[in-house]
Amino acid sequence: MKDKKKKVRNQEAGGVSRRDFLRGTGVVVSGAILVGEGTALASPQEASAGIRGPGEVPVTLRVNGETKRLSLEPRVTLLDALRDRLDITGSKRVCDRGTCGACTMLIDDKPVYACTVLAIEAEGHDVTTIEHFSKGGQLHPVMRAFVDHDAQQCGFCTPGFVMACIAFLKAHPNPTQDDIKKDLGGNLCRCGTYAGIREAVMQAAKTMSTGGSSNA
Amino acid sequence: MPECKYDWPAAADRHLIGTRISRVDGPAKSSGRAKYTLDINLPGMLFGKMVTCPYAHAKVTSVDTSAAEKMPGVRAVQVIQGPGKEIQWAGDEVVQVVADTEEQAEDAVRAVKVQYEQLPFLVNEAELSKAQSADRAAKPSATTQGDPEKVFNDPDMVVSDGEYGIPVIVHCCLEPHGHVVQWTGPQNIRSYSSSQGVSVYPAQFAEALNIPASNVQTICNYIGGGFGSKFSIDRWGVSTAQLAKQTGKPVKYLLQRSHEVEVAGCRPSGFARIKVAAKKDGTLMAWESDCWGTGGPAPSRGLELPYVLRDIPNYVSRFTSVGANIGPARAWRAPNHPQQALLTMSALDDLAAKLNMDPVEFFSKNADLAPQNLGKVYREELQKAAELAEWSKYWHPRGDKTPGHIKRGLGVSIHTWGGRGHASNCQLTIEPDGSVTAELGSQDLGTGTRTVIAIVAADTLGLPVEGVTVRIGDSHYPYDGPSGGSTTVGGVSSSTRRAAVDARDQLFAAVAPAIGVTADQLVAVGGRIQAKGDSSKSLTWKQACQKLGMKKIQTHGKNPGPCPNLISSGVGGAQIADVSVDTETGMIKVNRMTAAQDCGLIIDLKTAESQVYGALIMGIGYALFEEKIMDNVTGRMLNPNMEFYKLAGIGDIGELKVHMMTGPGYDERGVVGLGEPPVISPGAAISNAVANALGVRVPSLPLSPDKVLAAIQKGGMA
Amino acid sequence: MERFEYASPKSRKEAVGLLGSEWGHTEVIAGGTDLVGAMKDYAVTPKRVVSLKHISDLRGVRVRSGELHIGSMTTLRELMDDHAVKQNYPAVYEAVEEIHGEQIRNMATVGGSLLQRPRCWYYRLGYGLLAELDGKSLVSEGDNRYHAILGNSGPAKFVSPSTLAPVLIALNAEVALDGPRGVRRIALEKLYTTPTEPGQREHTLRPNEILTEVIVPHAAGVRSAMYELRQKEELDWPLSTAAVALELSGGTVRHARIVLGHVAPVPWVSPEASQALEGKTISEETADAAGQAAVRNATPLSMNGYKVQLARVAVKRAILKARGV
């Protein structure tokens, strides 16, 4: 088994393009079994009771509007599925325990900690990551505001904060500082960029309310 | 006019330097496009995970990796510390495994069986007597000057004494330490490393792997926080490279959060009994301190007290290093200074209170005891900070006498730092098509290095910031120093200035005939090369570069180098904290933090201010919340997560006011580093503000409700 | 995290059928905010995880014959957004509002909030819920700054982590539990128990039962409030909370129900505090007297004496808040 695996891997490891990487992970790194070729799904009875795993099972995710078919163990988190298998790395893994917000994604437009969502539980929902909001290289007004107010230093918490802010501004188009305190407390920064973030949120609120361009 | 051709342009001639420029890599970061080490995925890449020791002090007696090796997806297992090895802290690395997926690697970690012989340990050092009886305290070192004892015995002196402390805290970089290592040939590696020193990592890898340093390439385009903890490839860097070789695959290994906070960065602690004396007019006369602290099992270099006001005529300062099994010390933003500031400024603030003196006045009066002639700077900064903090309106003598359980107080502290630019090399290229690149083997920790390089080059060449492409974060670029000690901006701005001036002058020489004046009559301004005082004789930047024909201009600027006044060393800084304390609950709310900070000539005011804002916030965190909590029973860190290792959040910080000292008296000092100094004072300023509010000192950080309530009870004001 | 099989039943009955009759083998996942972390820490290692998210009738808030029925899979955000909750049960709204993080509110469910496992650091480090090592209580001998000050005479010294539970208990809520033998309805207060032996859990839910609904009685005329004390303004575990539900006639407290959180292994109902307040008009003094009564029997550990004061203040302030000051 191991040898066979190696052979496949070596073939896959030939190129270095992103496409190859994706192919490499989708097919091999995630466990040597081709999707659809024969998965860990056991008996039909269990399948009807909705039991899947513990081995890899096909999992279909809808990420930024695209359908992604993966083969995953049920224990794999949404964050790890996207980062390790799909090379969607804007969301960061930091605390890995649903405390710091660096992994914030939207599920059906609501911000969640992707480190604490099982990928299999995200099936049937729309998953949106930071990548969605700068498609075509254009910056979302929140991203622009983060740049203008220097609401970032090392930048590692930034994508999560941007995602939290995008969702926050949907709920609070005209936010107060108290709203920020109550609803944006789920993200942590180590460099100390909160002063800039407070200002960025206010600027973005203005831009977005005056119809500033948004591909949200 | 500059005296030397590389000097900074006169204030009127700077079109970018000193203005507010958005960081050039801001869009990449805010859009999530910036790729950090954690984000590097390579074809066929394997994932590493670590077996760590659960005991604070133990000897490895046996390691059995056989079950792990047979597990699905596992490609290699390496024993890092085998039988016989003595382990000095919980979380230390024992066995590393690599597998196809993270989950498989983690399963394999669970399957490794390690047996230990547990040994006696010490993990808490706040009580020195316990460390002494455990034989963990070194012989105290002492420095003395004058005759402090005589001063303390002088009945005309006002003497204050107290106990103060600041615990071990951790770096908690959001991006953990680690690497992705790939062998690109039998003797060649490329490492993607979360690094504060891309130019110094290759030598470390080379030595450990016994390959030529020139065969090692280290890349770090973005780093998710370092704060002084990422200067070494570390043991996991070596083993990750070895496992990559063994498996013939790239291997990714970054620490998991618990491991990161347990072992990858601890700031040494400081505790002290301090006695100080001053004349009734507030003139500081004598100091005596008995200080101790730990930075892990190895002896620590010790805290130097008193801090800033070092020239107290009579002092004796003793330090005892305590060896504790808490993980190894690493430099933490302004190493030792926050501890020294907390201990010194608290003791001096208590003395000022005893003198019935306004502490701003007290520090101003004694400011000339600071080295490097910073006395004047401190007085100006104290005045500025006091003005912005509305000191005269809100400050009161010790103990807020207004009714109710919310007590408000203000506190002040001052600090110092060196910050001379490090060795730096900038290679600047002007292509005939007008494109400009600056290449340096430096890195941007979020401090704005890229932006500063772009500004200096663009300002020199008369271009907009976007006219310069900055390439850093790769050891294949010219050598640059590691980013520590606030030395980067000084280093890169000075090397870039020299490279850019030389390149500009070569361009002048090439285009002078076409413009019809001599090269020394040309200026580069507004995207044009033109005759001084005659804009009719000019070429656009692009036209000018076209005159180069096939030949590009390539220059090399070096720091240190000619015109040494481009940079200097030594800054001050004054901060004031304004807090409210709930005396029923011991909870502290920061109303406002004010900072007045100098750093010589500022290249980018926007990112410079960000450094100070960030430092104030980080300071609020360690003043109120942060502590590496070590368990006396199990020897383990009890809060190796971000849930109980508490970082300040967006609602915890209050209002922040930052004033950068610029203009005459500051600019001519050249560029001085800034990253570290503003994080030194917040702990002391906040502690002093709490003392001002309550009328009693909460002796040690963090100022958690248990300690605040205990101090209130002790002070009898509940 | 260990491998597990994942089950996504479509009905309550099916869900119950997928659960084991002993603890350890199966776990229910609701919002996942606690369970996923606990599995990553290996604090729990189920072989099967049963998800309730595909059971459609577990979600939503309804008013039925005056009672508020909250489906266990209702998210905290949905609870907070419900008009009836905000209008008639302000303390419930406040409890969720105090969780200063939108991500948690979107993910965490009411059922999960009530059944989340303790945050005791010894438990999360793998020393078990009772945190015993070589016959010693790690909590007693080690660092207990965040541990229990009440109800801690037995081996359990952790604190009940839910901020919602004390509020709902103060409001006399009940919970519906579906099991193999049908539905049982118990007072929410009775959902909690203090374990005395290793392997025991801190709630009375059986391993093969699921919590389906929280029922809160009509609360007209009840003044409820909760007060939370935590070190950080932002997302942080409370050091002490208090929830009160008061019935007043004239200015006098006719009936009071006072429940403390984060001070004991269970949400701590304090009849002492209620007695101290009943028959009195609310003032700073009477509220404080109730606070004092609540902690009169506190038995703080070596490092958490300060929590006695915090609990007292939380009760006082919750009462004053309920009065509307």
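## Close-up views of a predicted three-chain model

**View 1. Surroundings of B:Val690 in the predicted model.** Leaving out residues up to four places away in sequence, B:Val690 touches B:Gly409, B:Val579, B:Val581, B:Ile588, B:Val698 and B:Leu703. The model is predicted. B:Val690 is among the residues with the most contacts inside the largest nonpolar core. That core has 419 residues. In soluble globular proteins, nonpolar side chains tend to be buried together.

**View 2. The loop position of B:Ser681.** B:Ser681 sits in the loop between strand 28 (655–661) and helix 17 (682–694) of chain B. Is B:Ser681 buried or exposed? B:Ser681 has 35 other C-beta atoms within 10 Å, so it is buried. With neighbours within four places in sequence set aside, its contacts are B:Ala341, B:Ser413, B:Ile414, B:His415, B:Gly573 and B:Gln575. B:Asn153 lies 528 residues from B:Ser681 along the chain. The C-alpha atoms of these two residues are separated by 31 Å.

**View 3. Strand 17 of chain B and its partners.** Strand 17 (residues 314–322) runs antiparallel to strand 7 (residues 141–145) of chain B, and five bridges join them. Strand 16 (residues 284–294) pairs with strand 17 of chain B in the parallel sense, over nine bridges. Which residue of strand 17 is the bridge partner of B:Gln145? The partner of B:Gln145 is B:Tyr315. B:Tyr315 is also the bridge partner of B:Trp287. Strands of a sheet pair through backbone hydrogen bonds, either parallel or antiparallel.

**View 4. A three-stranded open sheet in chain B.** The strand order is 22-23-24, with antiparallel pairing. Strand 22 (522–525) and strand 24 (534–540) of chain B are the edge strands, each pairing on one side only. From one strand to the next, the twist averages 35°. Strand 23 (residues 528–531) is joined to strand 24 of chain B by four bridges. One contact to pick out is B:Ala531, whose bridge partner in strand 24 is B:Asp534.

**View 5. Helix 4 of chain A.** This helix spans residues 78–85. Eight of its eight residues are buried, so helix 4 of chain A is largely enclosed by the rest of the structure. Just after the helix, A:Asp87 takes a positive phi of about 55°.

**View 6. Helix 5 of chain C.** Seven of the eight residues of helix 5 (residues 90–97) are buried, so the rest of the structure largely encloses it. The buried residues are C:Pro90, C:Ala91, C:Val92, C:Tyr93, C:Glu94, C:Ala95 and C:Val96. Which elements cover them? The cover includes helix 3 (76–81), helix 4 (83–88), helix 6 (102–107) and helix 10 (164–170) of chain C. Strand 11 (222–229) and strand 12 (240–249) of chain C also take part.

**View 7. Where chain B meets chain A.** Here 52 residues of chain B are in contact with 60 residues of chain A. On the chain B side, helix 1 (26–30), helix 3 (102–111) and helix 16 (605–624) each give two or more residues. Helix 16 of chain B gives the most, with nine residues. By class, this side of chain B has 22 nonpolar, 18 polar and 12 charged residues.

**View 8. Where chain C meets chain B.** Here 20 residues of chain C are in contact with 23 residues of chain B. Helix 8 (121–127), helix 9 (138–141) and helix 13 (306–323) of chain C each give two or more residues to the chain C side. The largest share, four residues, comes from helix 13 of chain C. The chain C side divides into nine nonpolar, four polar and seven charged residues.

**View 9. Chain B in outline.** Chain B has 18 helices and 28 strands. Its radius of gyration is 28 Å, close to the 27 Å from the globule rule for 718 residues, so chain B is as compact as a globular protein of that length. Its C-alpha atoms fill a box of roughly 85 × 75 × 45 Å along the principal axes. Of its 718 residues, 64% count as buried. Among contacts between residues at least 6 apart in sequence, 79% join residues at least 24 apart.

Notes
Residues numbered from 1 in each chain as written. Chains lettered and ligands numbered in written order. Predicted model: local features only at pLDDT ≥ 70, side-chain atom pairs only at ≥ 80, totals over all residues. Pairing = 2+ DSSP bridges. Axes fitted to C-alpha atoms, helices over the stretch in contact; angles between N-to-C directions. Contact = placed C-beta atoms within 7 Å. Nonpolar A, V, L, I, M, F, W, Y, C, P; charged D, E, K, R; others polar. Rg over C-alpha atoms; globule rule 2.2 N^0.38 Å. Buried ≥ 20, exposed ≤ 12 C-beta atoms within 10 Å, placed from the backbone. Core = buried A, V, L, I, M, F, W, Y, C linked by C-beta atoms within 7 Å.
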